Amino acid sequence: MDKIWTVQEILNWTIQFFKTKNIIDARLSAELLLAEVLGCRRIELYLQFERILTMEERDRFREMVRRRAKHEPVQYILGHTEFMGLPIRVTPAVLIPRPETEVLTDSVIEFARTLSHPPTILDVGTGSGCIAIALAKLLPEAQVWAMDRSSDAIALARENATLNGVEVQFVEGDFFEKYTQLQHHFNIIVSNPPYIAGKDWETVPEEVKRYEPRLALDGGEDGLRFYHHLAEVVQEILDQHGRIFLEVGFDQARKVVSIFKNFHFHSQIKKDLQGIERIVILSKDPLVNEINN
């Protein structure tokens, strides 16, 4: 006869099992997966510890645990995550949205709200569409465009825009090949581009390296390929008083500032929640607290 499993028992067992597999955030992973199976919020698990799982619930949960034990990210197993409080569907075709990128998005919103007119915004390398969708949702008067060279990413981003009830103009294609076809001068250009250095690829965590799309991660040998290319062409589509907002990797912010300084851009740097210099803001106009080195 099959063992009867309560919420508390199966949660405790799974947490310990994940720890033996060196799963990051073992408790959080177990809670998220079980809450999905039971159709409740994480906090509600602790209000129904004595609930007995049905056979169907156990079978579904067992399959999720099997996948997580192989270090597959929870977000891919669930098929969704949250970004800026909004539901975002994710698949292995797109990068999983991260808290650092919310700092990037907040920086864009802060600037956009100082403008005296509805902004035109371009998100380069949109992936799941999380940045563009959050901006369209939180800046309802804005005209938001988003580009990605992955057809799978664009298809998913369109689904996410519909899911969140926003209008975004999606363009499929390589930005550096198609930017001249946009026929716009944008007030804001934002991007979370690939910035992992090729020489550092082997040090990337296994669940990132094995499951997330390398196209969205690999920034060339030094991780700065995208920034060099963007600096060369961005003035052709940036409004005279527009700003660029870029997410960068660890220890890259000052290097990105130097790249754009060669093209006479002023710059600011913002730190993420861990105190790492993560966001570079660029403008042809002088900026408050700008970087002068």
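**View 1. Asp 200 and Lys 199 in a predicted model.** Asp 200 is partly exposed, with a relative accessible area of 32%; buried means under 20% relative accessible area, exposed over 50%, and partly exposed in between (1.4 Å probe, protein chains only). Lys 199 is exposed, at 56%. The two side chains form a salt bridge of 3.7 Å, N to O, the term standing for a side-chain nitrogen of Lys or Arg within 4 Å of a carboxyl oxygen of Asp or Glu. This is a predicted model, in which local features need pLDDT of at least 70 and side-chain atom pairs count only at pLDDT 80 or more, while totals for chains, interfaces and linings use all residues. Residues are numbered from 1 along each chain as its sequence is written, and side-chain values use heavy atoms, with hydrogens and water left out.

**View 2. The salt bridge between Glu 31 and Arg 42.** The side chains of Glu 31 and Arg 42 meet at 2.9 Å, N to O. This pair links distant parts of the chain, with Glu 31 in helix 2 (residues 26-38) and Arg 42 in helix 3 (residues 42-45), 11 residues apart. Helices (H or I, at least four residues) and strands (E, at least two) are DSSP runs, numbered from the N terminus. Glu 31 is buried, with a relative accessible area of 5%, whereas Arg 42 is partly exposed, at 38%.

**View 3. The salt bridge between Glu 44 and Arg 41.** The distance here is 3.3 Å, N to O. Glu 44 counts as partly exposed, at 26% relative accessibility, and Arg 41 is exposed, with a relative accessible area of 56%. A search of the whole structure finds 19 salt bridges.

**View 4. Helix 4 and its buried face.** Helix 4 (residues 55-69) has 15 residues, which at 1.5 Å a residue should span 21 Å, and its end C-alpha atoms are 21 Å apart, in agreement; the expected span is 1.5 Å times one less than the number of residues. Its buried residues are Glu 57, Arg 58, Phe 61, Met 64, Val 65, Arg 68 and Ala 69. Seen down the axis of helix 4, these buried residues fall within an arc of 135°, so they line one face of the helix; the arc is that of the directions from the helix axis to the C-beta atoms. Their cover includes helix 1 (7-20), helix 2, helix 5 (74-78) and helix 10 (206-211). His 71, which follows helix 4, has a positive phi, near 75°.

**View 5. The largest nonpolar core.** A nonpolar core is a set of buried Ala, Val, Leu, Ile, Met, Phe, Trp, Tyr and Cys residues joined through side-chain atoms within 4.5 Å. The largest has 39 residues, and Ile 121, Leu 135, Val 168, Val 190 and Phe 245 have the most contacts inside it. Among the elements that each supply at least two residues of this core are strand 2 (86-89), helix 6 (99-112) and strand 9 (277-283). Helix 7 gives the most to this core, with 7 residues. Leaving aside its neighbours within four places in sequence, Leu 135 is in contact (heavy atoms within 4.5 Å) with Thr 105, Val 108, Ile 109, Ile 121 and Val 190. Another core, of 32 residues, lies apart from the largest one and has Phe 226, Ala 231, Leu 246 and Ala 253 among its members.
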